[in-house]
Amino acid sequence: MAQLSLRGIKKSFKTVDVLHGIDLEIGDREFVVFVGPSGCGKSTLLRLIAGLDQISEGEFVLNGQRMNQVPPSRRGIAMVFQSYALYPHMDVYENMAFGARLMGLDKAEVEARIAQTARMLRLEPFLKRKPRELSGGQRQRVAIGRALVRKPDVFLLDEPLSNLDAALRSDVRLEIAKLHRDIGGTMIYVTHDQVEALTLADKIVVMNLGRIEQVGSPRELYEAPANTFVATFIGSPRMTLIDVARQGDRLAIAGGGSVLVTALPDVARLRIGVRPDAVVLEHGHAEDGFTASVVYTEYLGDNAFVYVRLADNTLMPARVGVNERFAPDAPVTVKLERAAMHFFSAEDGRRLDP
Amino acid sequence: MSLAATTTYYDRKGLMATLGRDGMLQVILVANSFIMLAPIIIMVFSAFKTNMEIFQSPFSLPDFSNVGNFVKIWTETNFLRYLANSFFVTGSSMVLILTLGTMAAYALARYQFRGNGFILMFFLAGLTLPLKLAIIPLFILMRDLGILNNQLSLIFVYTATGLPTTVFIMTGFIRTLPNELEDAARMDGASEARIMWSIMLPLVRPAMVIAAIQNVVPIWNDFFFPLVFIQNDNLKTLPQGLTTFMGEYATDYGALFSGLTLSAAPIILIYILLSRQFISGMTAGAVK
């Protein structure tokens, strides 16, 4: 059982404020991913939950108990570090036993737990090896194993995949997902990679500049981003934002054509967001639609992205079939699917719903 | 047509090309080790010669069966006593230097507190201080503490001289160790003392060895402080004790050299044993 509540958490290092009031509820057995650009405070928040740094202001409650002053090892929390932080002078067995022994477990129990963990993570052949004799993926598994042996309620993982090469990364990602299903603890996972966030999370927390921008399931974040930051952060290629003026039922770019859109929010100027798959390109300039010219094409095998430049100089990707050809500099017309359009306030970037 | 026949003048290689960069390095290193070893070899040779032989043919091979000098050392001086004293003084000083130095360096490198930078600078200032200049106040201090003619006076002075370099070396080294190791140990429930003992100490061993070698040689060889502080023959250290053979009018160089050979032997052995230690990279594989 693990129920975490963060209430008005603030953190400052000397004069620099890193977190400006974080409120978040995390439920039992949830897989929560903190995602955001570097420097957004996601790792700091994780360290506050772990107890490695002091909370400057606010309250962290775990299972109804205030945790602000509880030392890290008494919180029932284990952490997997970005660099793994394996003890280099101990072999794999000792690395896993160190924490278990400090918990006051007897020898047989320590052995049993390590045997079980090693079996689960396929580490049995490596128990007598030193960390330097292991590959990156194996070290990663030892780091996870060291956390598992303590049987914590909450697992914290700080960018655990960032030191692995691309091929290994998707394997380990699958393993972590499987592990969460098997052991069922609450996991909090920090990453800057939105693919990891989308694939692993039950709940994504998007952070920026020390604030939470949005909390939601991957689907909610993708389909209904709360503001332009979340909209452009989630999804690849990024969502394009276009500043448009409303002219009756039409949305227009100055000197660049307009599109007819029904059921618009009631403001004069707004910013629309379009993902590449909601864009339809037609050859030549037409009356209805934004005029644009082709910049270049990215061929990806199963589909292709054509980057076009709109009249206001916005670069916009559009997904097209691999058989469609768009020559560089060719004039095209951009049409948008109404159902896939997002509307944001031109002033503060908040989502507007009609 | 064979290859040799086509070789012309400009195909001939210079010294650099024949030996290559590594070859030249080898030549320089071999020459250097010869220069370094020559005094030691002459010392060992002279230990087996009489005063007469030393002056007649200083570089010749001695008769190694002639161990008269060593017998003289053994019978005419308190050699074993001096050796034990040297071991005691050097050993105690090293234990104090390494224990205090490592603990101070760990605190300076890892904990943020007011005056942190000042204390480090204060230690480093000790590097610039020639302690021998303070010999008169030190003598008065030791007299007032009542430890003149007592090995404690030597141990205190050596510890004080050894700490600056040790703190300097160790602080720099500990700062290069990843913070996450200690965080991981904290998550595992280790106390600060246990982190120091079980995690940091094994990792800083290479730096401790460097600090030890740096300090052990001057302390072992020191002649000045024992000369001033120690008068009792039973408390004398080796370099001090061997001066028995340096008379006002005549010096028994053969006996002196054999004493030096015996006193250098343990330090050379320690050096060889320890140098293996700091070559091994202890931190490899700690973090990616």
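In chain A of this predicted model, residues 24 or more positions apart account for 66% of the contacts with a separation of 6 or more. Two residues are in contact if their C-beta atoms, placed from the backbone, lie within 7 Å. Chain A has 354 residues, of which 40% count as buried (20 or more other C-beta atoms within 10 Å of the residue's own, with C-beta atoms placed from the backbone). The chain contains eight helices and 20 strands. Both are DSSP runs, numbered from the N terminus: helices are H or I with at least four residues, strands E with at least two. The C-alpha atoms of chain A fill a box of roughly 80 × 45 × 35 Å along the principal axes.

Chain A also touches chain B. The contact takes 23 residues from chain A and 20 residues from chain B. On the chain B side, helix 8 (179-187) and helix 9 (192-221) each give two or more residues. Helix 8 of chain B provides the largest share, six residues. The chain B side divides into 12 nonpolar, three polar and five charged residues. Here Ala, Val, Leu, Ile, Met, Phe, Trp, Tyr, Cys and Pro count as nonpolar, Asp, Glu, Lys and Arg as charged, and the others, Gly among them, as polar.

Within chain B, the axes of helix 4 (residues 79-110) and helix 7 (residues 151-176) come within 6 Å. They cross at roughly 35°. Axes are lines fitted to C-alpha atoms, for helices over the stretch in contact, and angles run from 0 to 180 degrees between N-to-C directions. The residues of this helix contact divide into 18 nonpolar, 10 polar and two charged.

Residues are numbered from 1 along each chain as its sequence is written, and chains are lettered from A and ligands numbered from 1 in the order in which they are written. Local features need pLDDT of at least 70, side-chain atom pairs count only at pLDDT 80 or more, and totals for chains, interfaces and linings use all residues.

Notes
Buried ≥ 20, exposed ≤ 12 C-beta atoms within 10 Å, placed from the backbone.
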